[in-house]
Amino acid sequence: QYAASKDMDKRLRQRHGLNRENWAEKVNFSDPLHNELSASLQLIHDEMATNRSELHRKAGDAVTYGSVIQLWHIGSKRCLTQRKNRALRNKLAMEVCMVDDGGE
């Protein structure tokens, strides 16, 4: 979701007033942007499916130093991700937040 999601958000920001929820209603079907955004949305869904299958494949494996991991909050069904900002309580740590799509 990282690359596809960021690419779609970038394209939506280029058109003022658009976001993931309203772009399909506001962009004309014949506009080339509609096809580009539809393709980006499909890439996002494909990447989400890949991440889900990887999550199930790796579930229960031991984590070793240097492993790339994705933390999944079971209650909210959202992913924990690290932000670029420093944490408020510990300036040596980075902020952590929950996101729907697993990346940001």
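Colleague: Which residues make the nonpolar surface patch of about 520 Å²?
Modeller: Val63, Ile69, Leu71, Leu80, Val96 and Met98 make that patch. To join a patch, a residue needs over 30% relative accessible area and no salt bridge, and nonpolar side chains (Val, Leu, Ile, Met, Phe, Trp, Tyr) are joined within 5 Å, like charges within 9 Å. The areas come from the Shrake-Rupley method with a 1.4 Å probe, and for residues only the protein chains shown count as cover.

Colleague: Before we go on, what kind of model is this?
Modeller: This is a predicted model, in which local features need pLDDT of at least 70 and side-chain atom pairs count only at pLDDT 80 or more, while totals for chains, interfaces and linings use all residues. Residues are numbered from 1 along each chain as its sequence is written, and side-chain values use heavy atoms, with hydrogens and water left out.

Colleague: New topic: how much space lies in the largest pocket?
Modeller: The largest pocket holds about 720 Å³, a volume being the space filled by probe spheres set on grid points, which are joined across faces, edges and corners. Its lining has 22 residues, and those nearest the centre are Leu55, Val68, Ile69, Gln70 and Leu71. Helix 3, strand 2 (78-86) and strand 3 (94-99) are the elements that give two or more residues to this lining. On a 1 Å grid over the protein atoms alone, a pocket is an open set of points with protein on both sides within 12 Å along at least five of seven lines, unlike a cavity, where a 1.4 Å probe fits but cannot get out; lining residues have an atom within 4 Å of a point.

Colleague: Which element gives the largest share of that lining?
Modeller: Helix 3 does, with 4 residues. By class, the lining has 11 nonpolar, 7 polar and 4 charged residues.

Colleague: What about salt bridges, how many does the count come to?
Modeller: The count comes to 1 salt bridge, meaning a side-chain nitrogen of Lys or Arg within 4 Å of a carboxyl oxygen of Asp or Glu. Arg57 forms a salt bridge with Glu54, and their closest N and O atoms are 2.7 Å apart. Because the two are 3 residues apart in helix 3, Arg57 and Glu54 are separated by about one helical turn. Arg57 is exposed at 55% relative accessible area, whereas Glu54 is partly exposed at 34%.

Colleague: Last one: what is phi of Lys77 near?
Modeller: Phi of Lys77 is near 55 degrees, which is a positive value in a residue other than glycine. Lys77 lies in the loop between strand 1 and strand 2, and at 58% relative accessibility Lys77 is exposed. Gly75 is found in the loop between strand 1 and strand 2 as well, and Gly75 is exposed, at 69%.

Technical notes:
Ala, Val, Leu, Ile, Met, Phe, Trp, Tyr, Cys and Pro count as nonpolar, Asp, Glu, Lys and Arg as charged, and the others, Gly among them, as polar. Buried means under 20% relative accessible area, exposed over 50%, partly exposed in between (1.4 Å probe, protein chains only).
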